[in-house]
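Welcome! Here is a short tour for anyone meeting this structure for the first time. Take a look at the sequence and the 3D view, and then read on.

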Amino acid sequence: MNNSLIKQISFDLNIGKYSDETNEEYGNRLVYTALAAWARNLVLGESYTDLNEEAANSNYHNVDIMHIQSRLTQIAYGMLTVIPHSKTWFGNGSIEIQSSTIASNIIDNLIFCYELSRLNDARRLTNSPIRNAAFKNNELVLGGEQWQNSNKTLISVGLGRWMQDTKCSENYKEIFNLPNYTYGEYYHILLDSVLWKEANLDGKYKIFKTGTGLFYNKVWQDFIKGKLARGLSLLKSIEVGGGYLLVNRDKDQIYSARLDKWYYEEKEIYRIMYMLDSHNETPAIFKAKKYNDYILLHCHSILPNPEMRIILMSSWPGRFFNDFYYRIIPNFIWDEVEKLLTNLGIKIEYIDI
């Protein structure tokens, strides 16, 4: 039974076993991506075998989120029962708890990645419109419930579906609302475009310390105004949650600009942090191991939301199902991911296996 199921999922979603991974590690990837495919189709209220033109055009295009959660939990339970997998990869607790947790995580991530969309009644979900995000040599299919393509081979990776295409015209920056400037240009854009005001900075702040090489949740140090360096700095208020400031010291004058909540809700604070480290010539370093079929990437810290969405749709978690920091990335899209990261000012360091 489990052998037949594994072969069918592998065929349907075009996921092959890597040469140096165990059956359990392969099972982790199969279960994760198969559940993402099921979640997209549960919005239609039908199973894979019932997906035909009549069903696709019926009134099944929105479903209560708890219905999807309940059905996806049952599917996860069935898969974890018959497909070999790493027990710790799916968390602690009984198989019932693991099934519910992974189902909830998959749904949340698909909403985050705009694969599923909330309707006005936030409890109901529908598929997002179909779009193709074109990279240099590949296209990422977004939205809809498509899992096969009659013209091109779809390759499932993590939460995403990819097509290899060397003739596509890049549009992924527009699709994901990525900046169309380099990290070096960003420094000067902030200097020129932010509304600066003279500042006393008499409150209590932490300052982002460049060049530490530490994870970004550990780089905040006590702010001492007399030691503020010239140029741009990033501060956060100890007294106001989410209160971030850009500070510019020009000679003996200090100017500040408060960043609105969009910067921390969309994790754009991290874009500024990566930029400041690069401007300081101490870029954040992500380490990568090259295997025969894939790259294992160790992320230094989290990414801004647009880049985070692309990573979730171009890789599998490494150590456990909700692990962002270790990612398994197939060779065929590694160049796209590497470019995405280096555009943030991140340095990729290759290490021996």
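Rings of Phe, Tyr and Trp, the last by its six-membered ring, are a pair if their centres lie within 6.5 Å; planes under 30 degrees apart are stacked, over 60 edge-to-face, and the rest tilted. A search of the whole structure, which is a predicted model, turns up 19 aromatic pairs.

**Aromatic pairs**

Let us start with Y244 and Y264. Their ring centres are 6.0 Å apart and their planes meet at 40 degrees, so this pair is tilted. The two partners come from distant parts of the chain, 20 residues apart: Y244 belongs to strand β12 (residues 244-250), and Y264 to helix α8 (residues 262-265). Y244 has 15% relative accessibility and therefore counts as buried. Y264, at 30% relative accessibility, counts as partly exposed.

A second pair to find is Y291 with Y294. Here the rings are stacked, with 4.8 Å from centre to centre and 10 degrees between the planes. Both of these tyrosines are buried.

Which residues do ring pairs link into a cluster? They are F208, Y216, W220, Y244, Y264, Y270, Y274 and F286.

**Charges over rings**

| Charged residue | Ring | Distance to ring centre |
|---|---|---|
| K290 | Y350 | 4.8 Å |
| R309 | F112 | 4.4 Å |

**Cysteines**

How many disulfides does the structure hold? The number is zero. C113 is in no disulfide, and its nearest cysteine sulfur, on C299, is 14 Å away. A disulfide needs the two sulfur atoms within 2.5 Å. With 2% relative accessibility, C113 counts as buried. C299 is likewise in no disulfide, the sulfur of C113 being the nearest to it at 14 Å. C299 counts as buried too, at 1% relative accessibility.

**The chain as a whole**

The chain has eleven helices and 18 strands. Its radius of gyration is 22 Å, close to the 20 Å that the globule rule gives for 353 residues, so the chain is as compact as a globular protein of that length. Along the principal axes, the C-alpha trace spans about 75 × 50 × 45 Å.

Of the 353 residues, 49% count as buried. The accessible surface of the chain comes to about 17500 Å², and carbon and sulfur atoms account for 47% of it. If you take the contacts between residues at least 6 apart in sequence, 64% of them join residues at least 24 apart.

**A closer look at I83**

Where does I83 lie? I83 is in the loop between α4 (65-82) and α5 (95-112). Is I83 buried or exposed? I83 is buried, because its relative accessible area is 2%. Leaving aside residues up to four places away in sequence, I83 touches L5, I6, I9, G27 and V31. For a sense of scale, I83 and K218 are 135 residues apart in sequence, and their C-alpha atoms are 39 Å apart in space.

Notes: Residues numbered from 1 in each chain as written. Predicted model: local features only at pLDDT ≥ 70, side-chain atom pairs only at ≥ 80, totals over all residues. Heavy atoms only, no water. Helix = DSSP H or I, 4+ residues; strand = E, 2+ residues; numbered from the N terminus. Buried < 20%, exposed > 50% of the residue type's maximum accessible area, 1.4 Å probe, protein only. Lys NZ or Arg CZ within 6 Å of the ring centre and 35° of its normal. Rg over C-alpha atoms; globule rule 2.2 N^0.38 Å. Contact = heavy atoms within 4.5 Å. Areas by Shrake-Rupley, 256 points an atom, 1.4 Å probe, with all protein chains shown as cover.
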